[in-house]
Each structure stands twice: as C-alpha cells, then as structure tokens.
Amino acid sequence: MSTSAHTSADAADVIRTGGTVTDRLVEANERYASRFTDPGMDAKPVLQVAVVACMDARLDLHAALGLELGDCHTIRNAGGVVTDDVIRSLTISQRALKTRSVVLIHHTGCGLESLTEDFRHELEMEVGQRPAWAVEAFRDVEQDVRQSMQRVRTSPFLLHTDDVRGFVFDVTTGLLREIDPS
C-alpha cells in the first residue's frame, strides 16, 4: 500500500535523472508560479482562526477542515505540541494578525507515542550536545490534547483563550473527534 500520492518509483525517477527531491519541488514551483496570480489577500486570516497540528504528512488540514487559502494560520510541529515556539506564533497570530480562535489537532498513530525523552539522551551521546528542547512524547493522545489546550488557555501572552478546542484526527477514517478539556 502506498502511503503517499507519489510512489517510491516517483522518487527513484528523480534520483535516476540526476535530480534530488528538492530539485523536483523547485520545478513544481516554477510550474505553479507560471500560472500564479496574486490573490490580493492580506496576512490576516479570513476566519480569524489559528490551527495547531502535527507535522504528519497524512494530515491534509485544508481538505479535512474545508479551508481555503487565506482562511487560517497553520502552525505545525511534531505532535502538534503547544511549545514555547507555538505560543510565540499564536501570540503573533492573535496580537498582530487578529485571530480569535485556536483549534488543536493531534492524531491517531502519532510517532511521538513511540518515543521517550531517552531520544534526547541518545542524541546527546551521538552528537556530543544535549538538545535544548523536550521531545514532548506521550502515551495518551487525548491527555496530550488536554495538556495542549491548558497551555494555550493559561498563557499570559494570548488575548483570546475562550475559543480553544482540541481534537484527535483519525488517520484511517479522516474524522475529527473532539476532546473534552476536563
């Protein structure tokens, strides 16, 4: 079963022709840009919402949520975890670009469920320097969504914490399941 719209044969074709995946992406951008017209949007999301989600390649957030270009800010990282950097992005999103709602999306089968903080120790042993960041691994996706909602709701930097909702996206059905914050 292919896990991508592109097959490994596509990647092999890129390598065989002497290019890299990045070369392929640049070529795709050139085709895109040749048909591109300025949509005339400003940086403020039309729906005044910021979506924080995992970086997992199986999540097509715009399609899953019925979003169009310009509708939202999308902030992604491993696990969709609300880290200090996510709070930084949400603060800029709210204070400078007028978003009011925050949607948090974790998902089933997340890679962070199989890691531990030992990952940092292993990196330190390999490269001789301990990462400054936490892995933020978890075992219970629902509890991790609750923790992320709590981090957003209690941040002193965020102006709008009354419309913060968290969900788990099922990667096999495409459905969102809302998580009760309590």
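I began with helix α4, whose twelve residues reach 16 Å from the first C-alpha to the last, close to the 16 Å expected at 1.5 Å a residue. I note at once that the model is a predicted one.

**Entry on α4.** I looked up which residues of α4 are buried, and found Val86, Ile87, Leu90, Thr91, Ser93 and Gln94. They cover an arc of only 165° around the axis, which puts them on the same side of α4. In general, an α-helix has 3.6 residues a turn, so residues three or four places apart point the same way. I then asked what covers the buried residues of α4. The cover includes β1, β2, β3 and α6.

**Entry on the chain.** I stepped back to the whole chain, which holds six helices and five strands. Read from the N terminus, the elements follow the order α-α-β-α-β-α-β-α-α-β-β. I recorded a box of roughly 55 × 50 × 35 Å, taken along the principal axes, as the space that the C-alpha atoms fill. Of the 182 residues in the chain, 33% are buried. I also looked at contacts between residues at least 6 apart in sequence, and 61% of these join residues at least 24 apart.

**Entry on the sheet.** In what order do the strands of the sheet stand? I found an open sheet of five strands, ordered β2-β1-β3-β4-β5, with mixed pairing. The edges are taken by β2 and β5, each with a single partner strand, so one side of each is left without a neighbour in the sheet. Direction ignored, neighbouring strands of this sheet are turned by 25° against each other on average. I noted that α4 packs on the sheet, where it touches β1, β2 and β3. The direction of α4 makes about 175° with that of β2.

**Entry on the strand pairs.** I took β1 (residues 49–54) next and found it mostly covered, as six of its six residues are buried. With β2 (residues 72–77), β1 pairs in the parallel sense over six bridges. Here I found Cys72 of β2 as the bridge partner of Val49. The pairing of β1 with β3 is also parallel, over five bridges, and Val51 stands opposite Val103 in β3. I then followed β3 to β4: the two run parallel and are joined by six bridges. His107 has Phe169 in β4 as its bridge partner.

**Entry on α6.** At 1.5 Å a residue, its 13 residues should span 18 Å, and the end C-alpha atoms are 18 Å apart, which agrees. At the start of α6, I found a side-chain oxygen of Asp140 within 3.0 Å of the backbone nitrogen of Glu142. I listed the buried residues of α6 as Val141, Asp144, Val145, Arg146, Ser148, Met149 and Val152. Against which elements do these buried residues pack? They pack against α4 (84–95), β3 (101–107), β4 (164–169) and β5 (176–179).

How values were computed. Residues are numbered from 1 along each chain as its sequence is written. This is a predicted model: local features need pLDDT of at least 70, side-chain atom pairs count only at pLDDT 80 or more; totals for chains, interfaces and linings use all residues. Side-chain values use heavy atoms; hydrogens and water are left out. Helices (H or I, at least four residues) and strands (E, at least two) are DSSP runs, numbered from the N terminus. The expected span of a helix is 1.5 Å times one less than its number of residues. Buried means under 20% relative accessible area, exposed over 50%, partly exposed in between (1.4 Å probe, protein chains only). Contact means heavy atoms within 4.5 Å. A polar contact is a pair of N or O atoms within 3.5 Å; within protein, one must be able to donate a hydrogen and the other to accept it, and residues adjacent in sequence count only if both atoms are side-chain atoms. Two strands pair if DSSP finds at least two bridges between them. Axes are lines fitted to C-alpha atoms, for helices over the stretch in contact, and angles run from 0 to 180 degrees between N-to-C directions. The arc is that of the directions from the helix axis to the C-beta atoms.
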